[in-house]
Amino acid sequence: MQRPQNLVSGDYNSSVTAKPGAAGRVLVVDDEESLADLIGEMLLERGYEVSVAHSVGEAKSILARFEFHVALLDMHLPDGTGEDVLLRLSDDGASTEAIMLTGDRDIENAVACMRLGASDYLVKP
């Protein structure tokens with residue numbers, strides 16, 4: 001697998017001083033572009049290599065090319081759910097730690113995602 005570049009919504013040139021990727025590789029999947037980009041920029045500043053996707057399709061395309069240490073997955077996406085991406089990670093046997101993000105406080109979704117292998121389930125403020 002190739003290593004991702006510093007990607008935030010496509011090619012992203014950061015003025016970050018930390019060595020890119022020194023802290024690990026993170027995939028951020030959220031349809032709220034401004035939030036996803038903000039998270040991506042914060043992670044870049046802390047030395048992570050970051051890729052951002054705004055849909056299940058984009059996430060799956062990125063996962064076909066790159067491996068990640070962590071995936072931050074929004075539950076509600078325009079073409080599916082973060083659970084779809086989580087299933088892709090599980091099917092691939094990836095060692096990626098998945099953290100689910102949602103605006104809902106639905107405990108059933110949280111339990112289902114944890115059973116599928118999510119490491120955590122965080123409610124957005």
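Modeller: Happy to! In this predicted model, helix α1 has these buried residues: Ala36, Asp37, Ile39, Gly40, Leu43 and Leu44. Looking down the axis of α1, you would find them within an arc of 160°, so they line one face of the helix. That buried set packs against three strands: β1 (24-29), β2 (48-53) and β3 (70-74).

As for its dimensions, α1 covers residues 33-45, which makes 13 residues. From its first C-alpha to its last, α1 reaches 18 Å, close to the 18 Å expected at 1.5 Å a residue. After α1 comes glycine 47, and the phi of this glycine is positive, near 95°.

One more residue is worth a visit while you are here: lysine 124, in the segment after β7 (120-123). Its contacts, leaving aside neighbours within four places in sequence, include Leu35, and α1 spans residues 33-45. Lysine 124 is also in contact with Asp30, Glu32, Asp74, Leu101, Thr102 and Gly103, again leaving aside those sequence neighbours. With aspartate 74, the side chain of lysine 124 makes a polar contact of 3.4 Å. Is lysine 124 buried or exposed? Its relative accessible area is 16%, and buried means under 20%, so lysine 124 counts as buried.

Technical notes. Residues numbered from 1 in each chain as written. Predicted model: local features only at pLDDT ≥ 70, side-chain atom pairs only at ≥ 80, totals over all residues. Heavy atoms only, no water. Helix = DSSP H or I, 4+ residues; strand = E, 2+ residues; numbered from the N terminus. Expected span 1.5 Å × (residues − 1). Buried < 20%, exposed > 50% of the residue type's maximum accessible area, 1.4 Å probe, protein only. Arc of directions from axis to C-beta. Contact = heavy atoms within 4.5 Å. Polar contact = N/O pair within 3.5 Å; in protein donor to acceptor, adjacent residues only side chain to side chain.
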